[in-house]
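Thanks for coming. I will go through one model this morning, chain by chain, and keep to what can be read from the coordinates and the database record.

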Amino acid sequence: MKVLVAIKRVVDANVKVRVKADNSAVELANIKMAINPFCEIAIEEAIRLKEKGHASEVLVVSIGPDTCQEQLRTALALGADRALQIKTDESPEPLAVAKLLKAVVDQEQPGMVILGKQSIDGDNNQTGQMLAALTGMPQGTFASEVAIEGDALQVTREIDGGLQKVSLKLPAVVTTDLRLNEPRYASLPNIMKAKRKPLETQTPEDLGIDISPRLTVLEVTNPPERAAGIKVGSVSELVEKLKNDAGVL
Amino acid sequence: MDFELNEDQIAFADMARAFAQNEFEPHAAEWDQEQTFPVDVLRAAGEMGFCGLYSPEDVGGLGLSRLDASIIFEQLAMGCTSTTAFITIHNMATWMIADFGNEDTRQQWCPELTAGQKLASYCLTEPNAGSDAASLKTTARREGDNYILNGSKIFISGAGSTDVLVVMARTGVDGPKGISAFAVDAKAEGIVYGRKEEKMGWNSQPTRMITFEDVVVPASALLGNEGDGFKIAMKGLDGGRINIATCSIGTAQAALNRAREYMHERKQFGKELANFQALQFKLADMVTELVAARQMVRLAASKLDAGHADKAAYCAMAKRFATDVGFNVADEALQIFGGNGYIKEYPMERYVRDNRVHRILEGTNEIMRVIVARRVLMEDAADLI
């Protein structure tokens, strides 16, 4: 079975992001970039499936300018077999990404697609679900455990209030939650070997997909600064504040 | 000429940084306090490839350049200076065996050394032979197919917890030409390990004296030929100096990063420290000098990689400059932390303690000046540029 993993290049999780002076976007100049952490978990899961003998090939795909080849190389160093860059200088919205990925699915016919549940930049949490809808594949989102049993995929999902187990028929779409696994490091020898693994490039036009945006970003701003707290003198004052000022009671 | 890291170097550095952030940094304070030698973490580092960076590929090394190694070590040192320093010593000793050992010796030690499953120590300094290393007194007497080792070595990093010792011993005349190098099984009979030294820093690696009492070493364990020892030692130390200079830079960068954050967090007189020009200027000087030191270390590494005729002078200049700058930057970073810098809840005092020894070992900074001055004053020699 071939496993397709979609990954995104995002600002490194350790970087403190800043909004551009003109409030148009987040500042990306000279900022350290990395694989989206949820995508990294997706890569790790695919590699584990291969190590367990369930997957025969791990194909990793990313959509973006040539800089995203850096993240594809990292994925190859982690253990993916080949990489595909869908080259665009645009920043496509989730629906466009899902359409592009559907085109890749049509081309490659994977037995499973694994994605991060969301990227830490846009936090949309839509692409996996949209891809499942477009391809007609069943979906197991927010996975904290994935097991293959015969033709079926058992996915444990993290939902409000607990865990839910679903059984999906393959091929299927899985999106990863934080606790699915702990990604490995790419060893230095594997980083060197990754250079020799195939990395192919296609464009949205090659795939016949229109990625023009449907949304307009009006403004990007910092969250409001947290105001200083206050000390209350008594329980009754606390209750009064919660009722009238905070409005939570 | 290009001053940017290439794609590989970026990937190596990213991975080394992530490894150091997760595997070193959270434990560094505890290793320092408890004087823990983190052998398991060194093994994990070996699995990642950090234990044979510039050893050749036929014995499991990665065959990387010294410049690549410096870029990698710098990231590791940001997580734990002392542990990274040990890894660099291990790399140096492993490279010596791989480069100068005969095939049997290479195959006996190097595959496991490059994998981090076994560890190596380097034994040059003696109680009465420090800066004057060529006056060393440990002897290796030839008897049939063996050499018999007698003498003492001090300040040996990792001693008692490592598997192989690269030992410099006298096989012939007084002075540098009578010295030979050996790869000695650290568990051989007649090797006595002294008590663990109490040190100012570098506490995540044990430092001990080693005494050799009629230790039988097979003749095949000789590295290079008889009399090559001092040359091998100095060749190893050119790279060793880059490594130690690199550890200073990584540590100083970690200290600088902390200081920068602290200047935004800490408020006095109603404003952030970052608003005080005295501290702004201090920080500007720190970062300027650190960048200069880093470039100098990389230049020296590049000279060493290219086999430049003056590589030893460049390595000496880089070691002197970067270890002094690294110490001063760590010290100034501590100063920015004020009283908090002096207490162990923060890593600032550890950065200073760990960086201090870099001005002493791998040749003191005074000896570095001797090397540089000798080269500059050499008559009829080409200019150093």
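**Chain A**

In chain A, take the contacts with a separation of 6 or more: 71% of them are between residues 24 or more positions apart. Before I go on, please keep in mind that this is a predicted model.

Chain A has 249 residues, and 43% of these count as buried. It contains seven helices and 11 strands. Along the principal axes, its C-alpha atoms fill a box of roughly 65 × 45 × 40 Å.

What does the record say about this chain? An unreviewed UniProt entry places "domain: Electron transfer flavoprotein alpha/beta-subunit N-terminal" at residues 23–211 of chain A. Over that stretch the chain is 32% helix and 31% strand.

A disulfide is a covalent bond between the sulfur atoms of two cysteines. How many disulfides are there over all chains? The count comes to zero, with a disulfide taken as a pair of cysteine sulfur atoms within 2.5 Å. A:Cys39 is in no disulfide, and its nearest cysteine sulfur, that of A:Cys68, is 11 Å away. Looking from the other end, A:Cys68 is in no disulfide either, and the nearest cysteine sulfur to it is that of A:Cys39, at 11 Å. Are these two residues buried or exposed? A:Cys39 has a relative accessible area of 5%, so it is buried. A:Cys68 is buried as well, with a relative accessible area of 2%.

Two backbone details in chain A deserve a mention. As background, most residues other than glycine have a negative phi, and most peptide bonds are trans. The peptide bond from A:Leu170 to A:Pro171 is cis, with omega near 0°. A:Pro171 is found in the loop between strands β9 (162–169) and β10 (172–176) of chain A. The second detail is A:Phe142, which is not a glycine and yet has a positive phi, near 55°. A:Phe142 is in strand β7 of chain A, residues 139–149.

**Chain B**

On to chain B, beginning with the record. For residues 122–215 of chain B, the unreviewed UniProt entry gives "domain: Acyl-CoA oxidase/dehydrogenase middle". That stretch is 0% helix and 48% strand, and its end C-alpha atoms are 17 Å apart. Further along, at residues 227–377 of chain B, UniProt lists "domain: Acyl-CoA dehydrogenase/oxidase C-terminal", again from an unreviewed entry. Here the chain is 79% helix and 3% strand, with 28 Å between the end C-alpha atoms.

Next, a helix pair. How do the axes of α1 and α2 of chain B cross? The axes of helix α1 (residues 7–34) and helix α2 (residues 39–48) of chain B come within 12 Å and cross at roughly 175°. Angles over 145 degrees count as roughly antiparallel, so α1(B) is roughly antiparallel to α2(B). On the α1(B) side, the contact is made by B:Met15, B:Phe19, B:Glu23, B:Phe24 and B:Trp31. On the α2(B) side, it is made by B:Val41, B:Ala44, B:Ala45 and B:Met48. By class, this contact has eight nonpolar, no polar and one charged residues.

Helix α10 of chain B, residues 348–356, is my next stop. Eight of its nine residues are buried, so the helix is largely enclosed by the rest of the structure. The buried ones are B:Met348, B:Glu349, B:Arg350, B:Tyr351, B:Val352, B:Arg353, B:Asp354 and B:Asn355. What do the buried residues of α10(B) pack against? They pack against α1, α4 (81–100), α6 (229–265), α8 (311–336) and α9 (339–342) of chain B.

B:Met348, in helix α10 of chain B, is buried, with a relative accessible area of 0%. Leaving aside residues up to four places away in sequence, B:Met348 touches B:Ala255, B:Arg258, B:Ala333, B:Leu334, B:Phe337 and B:Gly341. B:Phe337 is 11 residues from B:Met348 along the chain, and their C-alpha atoms are separated by 7.9 Å.

Last, B:Asp380, in the segment after α11 (365–377) of chain B. B:Asp380 is not a glycine, but its phi is positive, at about 60°. Is it buried or exposed? B:Asp380 is exposed, with a relative accessible area of 82%.

That is the end of the tour. I will take questions now.

Note on methods. Residues are numbered from 1 along each chain as its sequence is written. Chains are lettered from A and ligands numbered from 1 in the order in which they are written. This is a predicted model: local features need pLDDT of at least 70, side-chain atom pairs count only at pLDDT 80 or more; totals for chains, interfaces and linings use all residues. Side-chain values use heavy atoms; hydrogens and water are left out. Axes are lines fitted to C-alpha atoms, for helices over the stretch in contact, and angles run from 0 to 180 degrees between N-to-C directions. Helices (H or I, at least four residues) and strands (E, at least two) are DSSP runs, numbered from the N terminus. Angles under 35 degrees count as roughly parallel, over 145 as roughly antiparallel, 65 to 115 as roughly perpendicular and the rest as oblique. Contact means heavy atoms within 4.5 Å. Ala, Val, Leu, Ile, Met, Phe, Trp, Tyr, Cys and Pro count as nonpolar, Asp, Glu, Lys and Arg as charged, and the others, Gly among them, as polar. UniProt positions are given in the numbering used here, feature names are shortened, and annotations may be inferred rather than shown by experiment. Buried means under 20% relative accessible area, exposed over 50%, partly exposed in between (1.4 Å probe, protein chains only).
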